[in-house]
Structure formats: C-alpha cells, structure tokens
Amino acid sequence: DVHEARIHLLVIDPSLTDYHHVHPQPTGTPGEFSFAFAPRRTGAYRVWADVRVARGVLDAEKKHQRLA
C-alpha cells in the first residue's frame, strides 16, 4: 500500500473502543500541521504519528494528551 498523506495519526483511548485515523493538514507555516477530532470519551488518549519525510524515512512519535 502507498500512503498518499504525509502524516497519519492514530488517536486511541485506553479501552481501544474510540479510534481515530486522521491526516493533519499544513497550516501555512512551514513545518506546522494541525488536526481536529471529536473524542467520544473523556480521559487519556494516545497518539501515534506515522510521518513521511523528504528522504522517505518513516518516523514515529507517541504523545499523551488528557481530554477533559
């Protein structure tokens, strides 16, 4: 499979019942992207990033965000 989007985010709650696959879009500021999603639950979500960089190397980074 070939991924067309430059960035894929997987946003998942700890119960694995609320799952989002989103593609951040450029904001107009070089190197800056933004995204939005509507969580169905409050609490912690984990975000995994799949990033296609200029040289074709994939980089992944995990961040935690608590939603009120």
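Modeller: Two strands pair if DSSP finds at least two bridges between them. In this predicted model, S1 and S2 pair in the antiparallel sense over four bridges. Ile 12 stands opposite Tyr 19 in S2. Six residues lie between the strands of this hairpin, and Leu 16 there takes a positive phi near 65 degrees.

Now the faces of S2, residues 19–22. Its side chains alternate. His 20 and Val 22 point to one face and are buried.

Ile 7 touches Val 22, and its other contacts beyond four places in sequence include Phe 33 and Val 51.

The side chains of Asp 13 and Arg 41 meet in a salt bridge, 3.1 Å from N to O. That pair links distant parts of the chain: Asp 13 is in the loop between S1 and S2, Arg 41 in the loop between S4 (33–34) and S5, 28 residues apart. Asp 13 counts as buried at 4% relative accessibility, while Arg 41 is partly exposed at 42%.

Arg 40 forms a salt bridge with Asp 18, with the closest N and O atoms 3.6 Å apart. Arg 40 lies in the S4–S5 loop and Asp 18 in the S1–S2 loop, so this pair ties together parts 22 residues apart in sequence. Asp 18 is buried at 1% relative accessible area; Arg 40 is exposed at 63%.

Conventions. Residues are numbered from 1 along each chain as its sequence is written. This is a predicted model: local features need pLDDT of at least 70, side-chain atom pairs count only at pLDDT 80 or more; totals for chains, interfaces and linings use all residues. Side-chain values use heavy atoms; hydrogens and water are left out. Contact means heavy atoms within 4.5 Å. Buried means under 20% relative accessible area, exposed over 50%, partly exposed in between (1.4 Å probe, protein chains only). Helices (H or I, at least four residues) and strands (E, at least two) are DSSP runs, numbered from the N terminus. A salt bridge is a side-chain nitrogen of Lys or Arg within 4 Å of a carboxyl oxygen of Asp or Glu.
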